[in-house]
Amino acid sequence: MAETAIIPEVGIPAVLERINGEEIYSQLIELAQVGVEDIPFAPSLPIPSRLALTQQDLEGRQYIQSLMDGAHLEVDDIHPLGIVGKLEGSDPDAKPIVIMSHYDTVPEADMFDGVTGVLSGIAAAKAIKESGVDHKRPIWVLGVTGEE
């Protein structure tokens with residue numbers, strides 16, 4: 001039988017009460033400003049263009065890293081195509097739970113595409129850390145660029 005990675009039920013409320021959807025939305029808006037384009041007849045939300053390995057993409061990566069640092073995750077930014085925020089578990093030999101998405105965009109992208117997964121993963125890891133809930137497995141939040 002496979003080992004479960006679910007946080008014990010008693011800790012779930014302690015984690016969930018620390019996740020702030022408005023904060024995640026504000027981060028989405030702030031990150032969407034990186035590479036935002038002025039598009040005629042555009043909707044009221046920002047339309048970013050952070051193509052992989054461009055200056056705008058690098059700025060997006062730096063923003064993601066600042067959020068990982070702020071969540072007190074151990075940041076591994078050695079690979080040019082990705083960044084990992086790590087929250088260690090109580091069992092150093094346990095395989096990690098990986099939350100992964102991308103932070104780059106296509107031209108004139110939807111501001112929610114990809115990066116919502118990265119920002120939500122950071123928020124979840126931060127909430128678990130702040131709640132003090134004991135979790136066996138490490139939690140890794142992986143943001144990549146050029147995933148296509």
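Me: Lys 86, buried or exposed?

Reply: Lys 86 is buried, with a relative accessible area of 18%. Buried means under 20% relative accessible area, exposed over 50%, and partly exposed in between, using a 1.4 Å probe and protein chains only.

Me: What should I know about the model itself?

Reply: This is a predicted model, where local features need pLDDT of at least 70, side-chain atom pairs count only at pLDDT 80 or more, and totals for chains, interfaces and linings use all residues. Residues are numbered from 1 along each chain as its sequence is written, and side-chain values use heavy atoms, with hydrogens and water left out.

Me: Back to Lys 86. Which side chain does it meet in a salt bridge?

Reply: That of Asp 76, at 4.0 Å, N to O. A salt bridge here is a side-chain nitrogen of Lys or Arg within 4 Å of a carboxyl oxygen of Asp or Glu. The count by this rule is 1.

Me: How many bridges join S3 to S4?

Reply: There are 6, and the two strands run parallel. His 102 has Val 144 in S4 as its bridge partner.

Me: New topic, the core. Which residues touch the most other members?

Reply: Ile 64, Met 68, Val 115, Leu 119 and Ile 122, out of 27 residues in the largest nonpolar core. Such a core is a set of buried Ala, Val, Leu, Ile, Met, Phe, Trp, Tyr and Cys residues joined through side-chain atoms within 4.5 Å. Helix H4 gives the most to this core, with 8 residues.

Me: And Ala 127, where is that found?

Reply: In helix H4 (residues 115-131). Ala 127 is buried, with a relative accessible area of 0%.

Me: What is Ala 127 in contact with, leaving aside neighbours within four places in sequence?

Reply: Val 15, Arg 18 and Ile 19, where contact means heavy atoms within 4.5 Å. The C-alpha atoms of Ala 127 and Arg 18 are separated by 5.2 Å, although the residues are 109 apart along the chain.

Terms used
Helices (H or I, at least four residues) and strands (E, at least two) are DSSP runs, numbered from the N terminus. Two strands pair if DSSP finds at least two bridges between them.
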